[in-house]
Structures are given as structure tokens and as C-alpha cells.
Amino acid sequence: MIIDENKCFGCGQCMASCTVGSAIFFTRRNDSAVICQVDQEECLECGNCLRVVTCPGEAMSESESIHTYPRSVTKYFSDPRWTHPATQIPGRGTEEVKTNDVTGRIRRGQVGVALEFGRPGLGARFSDVEKVIIKLARLGVHFEENNPLTSLMDPETGHLDPQVLSTRVLSGILEIMIPIEKLDAVLETIREASSQVESVFSLDVICRMDPDGTIPVLDTLDRLGFAYRPNAKVNMGLGRPLFQEDSP
Ligand code: SF4
Ligand code: SF4
């Protein structure tokens, strides 16, 4: 985001709308008038200030750099209206489990694990995210192909493109798929790696219920001491499955 110093009145309305809280600051123009400017290091290009504030001077505009890699990556992962080329949908991850009744992406015996890095006000740096990805890659997990983070990494090693390592984004979602037998190792690895991440992340563990209503991952979560909040979705028959169920 940029602010045209010749149009800004220094009213400060945009400061209050800044998602990270610190990217817009007061300064003085040469004629000593108080104006606002944007710290380009702090700004995550989320576009919130432009969306919610009616700037009296029409001084705010998107930076040209958001169209150029790697700054464009900051935009993709921070502005929910922006469509990432890897997924062709707005947002930081994929549709994941939301459409599982139709796609059958997560079958019985499989577990999806998603890590949601960063939050408004804090964000997350890719160098931290990479630490977790490298450890998971060593376990041979399957990284979701159409995920925006996967498009930046070598799935064999978990290394991200060095050009984006210093990039900070509002939020990014890592999505992996594993056989349920690997869940112990994956959760222990994530727990170990969490101390090296200087941000917050939430952990989603996704599976299908067994026909008798059992949730097959709960035993593992209990045994490893993970607190959880169940969040279920039931197919009401509104989505036509595009897959054949493997087992009854
Ligand atoms: S809202 Fe507009 S005029 Fe007011 S401080 Fe921000 S950029 Fe300047
Ligand atoms: S684009 Fe987002 S991070 Fe940048 S100044 Fe505006 S609200 Fe703050």
C-alpha cells in the first residue's frame, strides 16, 4: 500500500484500520504538515485500509510491486480477495474438507492435517513456516498439490523458494495428507517444531467418521495430550459424490 504524501491530510483514519497495527505511521511533509505514510517492510498488502476507509484525500492506492514476484506472494497470502494462481480460488488454502463429501479427497484410513500459520496483527514469516515443512517432508508426507504454499516449495525437501523466505504474510495454510498410521509421528514432529516458530498456528486434524460414528483420530489425540474442539460436517445428500467409496 502506498499513500500519496501530496494528497494525505493526516487525518489518521487509515491507521486504525491497519491489520498489522504498525504499518501506517504519522510523519511530517517538507512543509511540516502532518501526514501518514506506509512502512513497506511492515505492510502485508492485505488491502484492508483501502477497503474500509473512505480516504478524504483519495491518497491511498495499491503498490505496483504487488504484481511482481516475490512481493506478489505477500499479496496472495494476505488479501482474501486475491486469487492465487496455484488454487484459482481466493484465500490462503484450498477448499480442503469443506467439499469432501463431493471430492472424496480424504478417504477412510487417511488423515488430512492442516497448519494455519499467522493471524491478523501478527502474521507469519515463511522462514518459520519452512522449519515445520522441512521436518514434515522428512516423514514422507504428501503435500496437497493445489495449495499455495506447496507451489512455493520443493515437496521432496520442504525447502521454500529462497526468494520468499524473508516474506511475512498475514496467514498461510499448509495442507498434508497421511495414512492414519503416521499420525503419531506427524503430531510429535509438529509439536517439536512449534517451539521454533515465532508466530501462532492452529492445527487441524481431518478424517472421516467410521460407519459406527467413531472418530478414528481421537484416541491418538488423547494419548498424545492434544486438546481439541470437534468440528463436524455431515453430508445431507446435497452434494453429489464424484468418487467411489473404497470401503463400506
Ligand atoms: S485516511 Fe487518507 S487522508 Fe487520512 S491519514 Fe490516511 S491516507 Fe491520509
Ligand atoms: S495494506 Fe494492510 S498491512 Fe498494509 S497498510 Fe493497509 S491495512 Fe496495513
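Visitor: Which residues come closest to ligand 1?
Guide: This is a predicted model. In it, 13 residues surround ligand 1, and the closest are Cys-8, Cys-11, Gly-12, Cys-14 and Cys-55.

Visitor: What makes a residue count as part of that shell?
Guide: One of its heavy atoms must lie within 4 Å of the ligand. For ligand 1, 13 residues are found around it.

Visitor: How is the shell of ligand 1 divided by class?
Guide: There are 11 nonpolar and two polar residues, and no charged ones. Cys counts as nonpolar and Gly as polar.

Visitor: Which residues come nearest to ligand 2?
Guide: Cys-18, Cys-43, Cys-46, Gly-47 and Cys-49, out of 13 around ligand 2. By class, this shell has nine nonpolar, three polar and one charged residues.

Visitor: What are the domains, and how far apart are their centres?
Guide: Domain 1 spans 2–62 and domain 2 spans 84–224. Their C-alpha centres lie 35 Å apart. The contact takes six residues from domain 1 and five residues from domain 2.

Visitor: How much area do domain 1 and domain 2 bury between them?
Guide: About 460 Å², with 63% of it on carbon and sulfur atoms. On the side of domain 1, Thr-19, Val-20 and Leu-44 supply 81% of the area buried against domain 2, more than any other three residues.

Visitor: Why is area used to describe an interface?
Guide: The size of an interface is often given as the accessible area lost when the parts come together.

Visitor: Why is the pair of Arg-168 and Glu-42 called a salt bridge?
Guide: The rule asks for a side-chain nitrogen of Lys or Arg within 4 Å of a carboxyl oxygen of Asp or Glu. Arg-168 and Glu-42 meet at 3.8 Å, N to O. The value is within the cut-off, so the pair qualifies. Between domain 1 and domain 2 the count is one salt bridge. The touching side of domain 1 divides into three nonpolar, one polar and two charged residues.

Visitor: How do you know that Glu-45 and Arg-71 form a salt bridge?
Guide: Their side chains meet at 2.9 Å, N to O. The limit is 4 Å, so this pair passes too. The structure holds 15 salt bridges.

Visitor: What makes the pair of Glu-45 and Arg-71 a link between distant parts of the chain?
Guide: The two residues are 26 residues apart. Glu-45 sits in the loop between strand S3 (34–38) and helix H2 (48–52), while Arg-71 is in helix H3 (residues 71–78).

Visitor: What makes Pro-70 and Ser-32 worth a stop?
Guide: Most residues other than glycine have a negative phi, and most peptide bonds are trans. The bond from Tyr-69 to Pro-70 is cis, with omega near 5°. Pro-70 lies in the loop between strand S4 (60–61) and H3. Ser-32 is not a glycine, yet has a positive phi of about 80°. Its place is in the loop between strand S2 (24–28) and S3.

Conventions
Residues are numbered from 1 along each chain as its sequence is written. Chains are lettered from A and ligands numbered from 1 in the order in which they are written. This is a predicted model: local features need pLDDT of at least 70, side-chain atom pairs count only at pLDDT 80 or more; totals for chains, interfaces and linings use all residues. Side-chain values use heavy atoms; hydrogens and water are left out. Domain bounds come from an automatic or database domain assignment. Contact means heavy atoms within 4.5 Å. Buried area is the accessible area (1.4 Å probe) that two parts lose on being put together, summed over both. Helices (H or I, at least four residues) and strands (E, at least two) are DSSP runs, numbered from the N terminus.
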